[in-house]
There are 2 protein chains.
Amino acid sequence: MSREFSFTLHKTDGQARRGTVHTAHGDIRTPAFMPVGTVGTVKGLYMEQVKAAGADIILGNTYHLMLRPGAEEVAALGGLHQFTGWKGPILTDSGGFQIMSLSKIRKINEAGATFQSHIDGRKYELSPERAMEIQRLLGSDIQMQLDQCIQFPHTEKEAEDAMQLSLRWAERSRSAFQSVSQPGHGNFGIVQGGTNEKRRLVSSAGLQNIGFEGYAIGGLAVGEGQKLMLSTLDFTTPNLPHDRPRYLMGVGTPEDILESVARGVDMFDCVMPTRSGRHGQAFTRFGRINLRNARHAADSRPLDGEHPCPALSHYSRAYLHHLIRAGELLGMMLLSWANIAYYQTLMQGIREAIELGTFEDFRAATHEQWQRGDGLRPI
Amino acid sequence: MSREFSFTLHKTDGQARRGTVHTAHGDIRTPAFMPVGTVGTVKGLYMEQVKAAGADIILGNTYHLMLRPGAEEVAALGGLHQFTGWKGPILTDSGGFQIMSLSKIRKINEAGATFQSHIDGRKYELSPERAMEIQRLLGSDIQMQLDQCIQFPHTEKEAEDAMQLSLRWAERSRSAFQSVSQPGHGNFGIVQGGTNEKRRLVSSAGLQNIGFEGYAIGGLAVGEGQKLMLSTLDFTTPNLPHDRPRYLMGVGTPEDILESVARGVDMFDCVMPTRSGRHGQAFTRFGRINLRNARHAADSRPLDGEHPCPALSHYSRAYLHHLIRAGELLGMMLLSWANIAYYQTLMQGIREAIELGTFEDFRAATHEQWQRGDGLRPI
C-alpha cells in the first residue's frame, strides 16, 4: 500500500494515448474502461469474472454507498476492497452527479449539497470535505473532487455558476485530500463548463492551478448527443496536461469510447454494458444485437464463437433469447458478462493498436466491422 | 447414449437406502437432491456451479418448457442438454402439477388436460401421450407419467377420482414411452391417493402392475404439513419395490429431506434452495439464516467458513445482507448458489452415513447442529 500514485505515458498515436496509472492496489492500463460497481457489486457479475474479462479497475458510487451501507460501516468492515472482494484499484465518484440525477429534493449552496435519499427520503449533507472523507473511508484509489452537475439543457448562467462553484469546491476537495497521508492514492479534479469552449478553458486552467493527480471531464453524456460531446472534447483535451490521466465520466457506447480515445481520453466508466445486458442487448464486434428479437429464437450460433469469454462463445443466441424473454436471472448474468468482456476486448484492441502506431486503421476497421455485422444475416 | 437404464441398491441402513441410478447421461448417486431448472436454467446459477456443488441430475418442467420455448423448438436445437449446456442426467416432470398450480383455466377429462398458459392465455392440450412425446423431444433421461394433481384440502371423491384417472393415464403414458426405443432413458409412475393409506396402496399396486423403471410419490408437500406428509410416507414407501428408485416430488426443506430419507426415499426436487435464496434466506449446517435481518449488517463472518463453496465461505454476512437489502442480482446469485451447495453437502453426508451404517447418528447430529446454530450468537 505504500507505492506512489503516478502516471506513465508510454506512447501516443495521433491524439490517442497508451499509458499506465500506478496505484496502491495495482496498475491500470490505459485507455481503460472501468465497469461500474454502484453499490459494491458490478451488477450480475462475480468479481472474478470482471477481473478475468480484463478490467484493471472498477468504479464505486459515493452517493449510493454513503446511503447504504454507509461509509463508516464499510470502513469498519475493512474498506470497499475487503467488503466487495475486488483486489484491484477502485475509483469512486464524489456523489455530485447522483445528487443531480437521483436524489429527490436537493439544495446546493456554497457549503455543499443537502439532499434527500432516493431510497427512504432521509436527509443528508455532502460538502467537499465530507465527500473526500467518505472516499477515504471507502479506501478508494482514485478519489474525485465534489462538483456541481447540472441538467442538459441549461442556461449560460447556470453553467457558469456551476463551473465556478465546482472550482471552489475543487480547492476545498484538494485540501481535504491532502490533509491525510494516503500513499498510492490519487485525487482527480473535474473540468466543467458544459459545451462552451471558453468556460471549459477557465475550468481546466483553474484546476491545473490547484494541481491534481488526474483530470476528469464532467458534464458530458447528459443528453447533449455524441456530436456535441466529441466537439467539446476537441477543445477540452488539448488543454489538459500530457503527463496526467484524463477521465471522461459516464461514457459510453463502444463508438463513444473509440472516438473519445481518438481525442485523447484515457479512462471511461459507464453502466451501459451491464444495464443494456440486463435488458437483452449485447455489444459485440459485430455491432449491437438485441436478443429479445424473435429472429434469434432458432439461432444456434453463439454471439461470437471466437471470443474467449464463455458468455460470448458457449451459449447459443436461441438460449440467450429464451432466457431474456423468460426474465431469467441467467439471461441478465450472461449478457452483462458478455458486454463487460466485449468492452474490455475493445480496450485491449485499442491499447495494442496505439502501441503499434496503427490506431487509425484499428478505428476504421472496428467501425466497419460494427456496420457489417456477422456477415451471415441481419442481426 | 446406449447404456441401459437401471438402479443399483448398494446398502440399506434402517429404511434409508444408498443406491445409484444409471442413465444415458451418467449416474445419479442416491439419495439425490435434484436442483430445479424450470425453464432450462437453475435460477441464478451457472450450470458449472450446479455441477461443482455436487448435483448429478437436474429437473426441468414440461409445463414451462412446452409453453416457452416449446418442445419441438428445443428438439430442433438439439434437445434440452444441448440447449442448456447441462451434460448430466435430466428428469422432467409431466406438467400435471403445474396445470393444477399455475395455469389459468383448466379442464380435465379422460383424454387429458386442456388449459390456458399463465404467460399469454394461449390454449394448450396435454394428453398422457403428448406429455411423453414432449419429454422425449426434450431428451430427458427420466420421464414422468402424466398425472392429475389436486389441491389440498380435497374431498374423498376428488382424491379417489384423481388417483384412478392417474392410474389410467399411467398405463397410456407407459405405452407411449415404450412405443419408441430410448436406451438409457427411464419412465416413472406416480403414486397418488392423498393421505389415505388404502388409496395409496391401490395406486402403488396398480402402477407396479404396469411396471415402471421408478416410482414417484406425488400429491404431497401441497399444504398438508410435514407431520401428515411423513405419516403418509410411513405407509407408502414399504409398498414400493426395493429394486426401483423412489422419488418424492417437490420436497422440501433440509428437515423434510432428512426425515424422508429415513423413510426410504431416494430422490428429491424442490425450488426451495433457489427461491429462498432469492429472498435472502440461507440454509446452512447451522440452520436457516435470514440475511435480510439487520443483525447481520456488521457481521464479517462468512455463512460457513469451512464449506468448500465460495458462496458460503468467501463472502461476509454483512456483504450478503447489503446485497439482499439493495436488491442486487449478486445477492440472489450468491444465496441461491450457497443453498444448492448446502443441499448437496447434506445429501453427501446422508450418503456417506448410510454407507457407514451410521445414518441414525448422522440424523440426530444434523438436527442437533441445526438447532444449536453456529454457537457464537443467535443467527
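Start with a pair of helices in chain B: H8(B) and H9(B) cross in a right-handed way. (A crossing is left-handed if the near helix is turned anticlockwise from the far one by less than a right angle, and right-handed if clockwise.) Before you select anything, note that this is a predicted model, where local features need pLDDT of at least 70, side-chain atom pairs count only at pLDDT 80 or more, and totals for chains, interfaces and linings use all residues. Residues are numbered from 1 along each chain as its sequence is written, while chains are lettered from A and ligands numbered from 1 in the order in which they are written.

**Stop 1: the helix pair in chain B**

Select residues 197–210 of chain B for helix H8 and 226–236 of chain B for helix H9; their axes come within 10 Å and cross at roughly 50 degrees. (Helices are DSSP runs of H or I with at least four residues, strands are E runs of at least two, and both are numbered from the N terminus. Axes are lines fitted to C-alpha atoms, for helices over the stretch in contact, with angles from 0 to 180 degrees between N-to-C directions.) That makes H8(B) oblique to H9(B), since angles under 35 degrees count as roughly parallel, over 145 as roughly antiparallel, 65 to 115 as roughly perpendicular and the rest as oblique.

Which residues meet here? Show B:Glu197, B:Arg200 and B:Ser204 on H8(B), and B:Thr232, B:Phe235 and B:Thr236 on H9(B). (Contact means that the C-beta atoms, placed from the backbone, lie within 7 Å.) By class, that contact has one nonpolar, three polar and two charged residues. (Ala, Val, Leu, Ile, Met, Phe, Trp, Tyr, Cys and Pro count as nonpolar, Asp, Glu, Lys and Arg as charged, and the others, Gly among them, as polar.)

**Stop 2: the eight-stranded sheet in chain A**

Hop over to chain A, where eight strands make an open, parallel sheet in the order E4-E14-E13-E12-E11-E10-E6-E5. (Strands pair if DSSP finds at least two bridges between them.) At its edges are E4 (32–35) and E5 (58–60) of chain A, each pairing on one side only. Ignoring direction, neighbouring strands of this sheet are turned by 25 degrees against each other on average.

Now pick E11 (186–191) and E12 (214–217) of chain A, which pair in the parallel sense over four bridges. Click A:Gly189 and you'll find its bridge partner in E12(A), A:Tyr215.

**Stop 3: the three-stranded sheet**

Still in chain A, look for the open antiparallel sheet E7-E8-E9. E7 (106–109) and E9 (123–126) of chain A are its edges, each with a single partner strand, so one side of each has no neighbour in the sheet. E7(A) and E8 (112–116) of chain A run antiparallel, joined by four bridges; in E8(A), A:Gly112 is the bridge partner of A:Asn109.

**Stop 4: where the chains meet**

Show both chains: 29 residues of chain B contact 30 residues of chain A. On the chain B side, H13(B) gives the most, with five residues. That side has 15 nonpolar, nine polar and five charged residues. The copies meet through the same surface, because 100% of the interface residues of chain B are also interface residues in chain A.

Finally, a rotation of 180 degrees with 0.0 Å of shift along its axis superposes chain B on chain A (RMSD 0.0 Å). The two copies are thus related as by a two-fold rotation axis.

How values were computed: Contact = placed C-beta atoms within 7 Å. Least-squares fit on C-alpha atoms with pLDDT ≥ 70 in both.
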